[in-house]
Amino acid sequence: MNIAELKKIAFSEIEKAKNPEDLEKARKTYLGRKGELTAVLRSLAERPAEEKIRVGKEANRLKSELEALFESKKTAFEKELLAAAAKKERIDITAPGKKVSRGSSHPLSRLRKEAEDIFGSLGFEIIEGPEVETEYYNFDALNIPAEHPAREMWDTFWLGKKFLMRTHTSPVQIRYMEKHNPPFRIIAPGRVFRHEATDASHEIQFNQLEGLMVGKDVSLADLKGILEQFLRRLMGEKIQIRFKPSYFPFVEPGVEVDMLWNGRWLEMLGAGMVHPNVLRAGGLNPNEWQGFAFGVGIDRLAMLKYKIDDIRLFYSGDLRFLRQF
Ligand code: DAH
């Protein structure tokens with residue numbers, strides 16, 4: 001094959017290449033180590049001197065022409081590829097944004113947070129205790145011995161003989177007193193459990209907020225002031241409260257606290273002065289220290305505040321309910 005022919009075929013093949021792979025194949029055919037043009041250049045040595053110069057010149061010229069052609073074709077393919085990618089990955093800055101759906105706090109979490117903020121501002125520390133308790137912390141240490149009729153007030157889910165789902169947040173009082181020296185003031189919010197039939201105002205689980213303040217001269221008057229502050233800031237400035245004598249094994253005297261709400265007195269929480277036996281169980285000397293404790297239902301407060309008429313809604317996981325908050 002002479003140079004002119006070779007040039008014709010090579011050019012047409014390069015022009016025909018539809019993609020970088022075809023092009024590379026063509027390059028190898030002509031310019032590769034075993035390529036056609038390379039063979040011509042190699043064969044020069046065997047040719048007569050005059051031909052060597054002429055054919056050598058032509059072959060070298062063709063070589064640089066082919067190289068230039070390959071290069072420009074290659075660049076063209078690269079540009080095409082880039083353009084295609086750019087088209088695919090183009091960011092349309094005028095397109096409307098995708099909506100990120102946002103969750104919201106559960107009404108019980110919201111109420112708990114508000115309560116924590118109020119008590120926090122009154123100097124109370126926020127403490128948590130375990131939901132699975134021992135019989136000792138849930139009952140005995142709170143002055144409720146086995147066989148005591150008061151245990152009937154808190155029927156619960158037992159986990160074997162000694163463990164149970166806590167029926168109230170009061171055991172946190174003992175756990176805290178065991179490890180801390182007075183004076184102190186704490187609240188312990190959290191979930192509690194009762195074994196009972198459910199209805200609009202009863203659930204097998206609900207939330208309480210326990211309070212405990214111990215010092216040298218902490219009194220019922222302090223309790224009243226703190227609870228009044230708490231309920232007014234949470235439920236409204238017009239709130240009034242009143243104490244009624246009541247019985248809880250872990251306090252002496254014990255009171256029930258009513259709140260005036262829309263013209264009606266509602267029973268809101270239990271409270272009292274910490275019983276000497278309970279102080280002792282917590283490792284404190286009742287002749288040296290005294291204090292008050294209270295326990296309030298978070299669900300009940302949330303139901304009143306957010307006008308919810310069925311406690312079971314809190315635990316239903318129904319988004320139609322939750323989205324309203
Ligand atoms: N633990 C009681 C209950 O679950 C509530 C309670 C009453 C807590 C009086 C107290 C208290 O700390 O002093 O019914």
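Is Phe294 buried or exposed? Phe294 is buried, with a relative accessible area of 2%. Here, buried means under 20% relative accessible area, exposed means over 50%, and partly exposed lies in between (1.4 Å probe, protein chains only). The model is predicted: local features need pLDDT of at least 70, side-chain atom pairs count only at pLDDT 80 or more, and totals for chains, interfaces and linings use all residues. Residues are numbered from 1 along each chain as its sequence is written, and side-chain values use heavy atoms, with hydrogens and water left out.

Helix H5 spans residues 107-121 and has 15 residues. Helices (H or I, at least four residues) and strands (E, at least two) are DSSP runs, numbered from the N terminus. H5 reaches 21 Å from its first C-alpha to its last, close to the 21 Å expected at 1.5 Å a residue. The expected span is 1.5 Å times one less than the number of residues. Buried positions in H5 are Pro107, Leu108, Leu111, Ala115, Glu116, Ile118 and Phe119. Just after the helix, Gly123 adopts a positive phi of about 90°.

Aromatic contacts were then examined. Rings of Phe, Tyr and Trp (its six-membered ring) pair if their centres lie within 6.5 Å; planes under 30 degrees apart count as stacked, over 60 as edge-to-face and the rest as tilted. Twelve aromatic pairs are counted by this rule. In one of them, the ring centres of Phe119 and Phe294 are 5.6 Å apart and the planes meet at 25°, so the pair is stacked. Phe119 belongs to helix H5 and Phe294 to strand E10 (residues 290-297), so the pair ties together parts that are 175 residues apart in sequence. Phe119 is buried, at a relative accessible area of 0%. Ring pairs also link Phe119, Phe124, Phe230, Phe292 and Phe294 into a cluster.

Charges over rings were also found. The criterion is NZ of Lys or CZ of Arg within 6 Å of the ring centre and within 35 degrees of the ring normal. Arg175 lies over the face of Tyr137, 4.0 Å from the ring centre. The charged end of Lys224 sits over the ring of Phe243, at 5.5 Å from its centre.

Side chains of opposite charge can pair when their charged atoms come close. A salt bridge is a side-chain nitrogen of Lys or Arg within 4 Å of a carboxyl oxygen of Asp or Glu. The whole structure holds 18 salt bridges. Arg27 and Glu24 form one of them (3.0 Å, N to O). These two residues are three apart in helix H2 (residues 20-31), a separation of about one helical turn. Arg27 is partly exposed at 31% relative accessibility, and Glu24 is partly exposed at 34%.

Arg312 and Asp310 also meet in a salt bridge (2.9 Å, N to O). Arg312 is partly exposed, with a relative accessible area of 32%, whereas Asp310 counts as buried at 17%. In the salt bridge of Arg320 with Asp318, the closest N and O atoms are 2.7 Å apart. Arg320 is exposed at 65% relative accessible area, while Asp318 is partly exposed at 25%. Salt bridges that share partners join Arg242, Lys244, Asp258 and Glu267 into one network.
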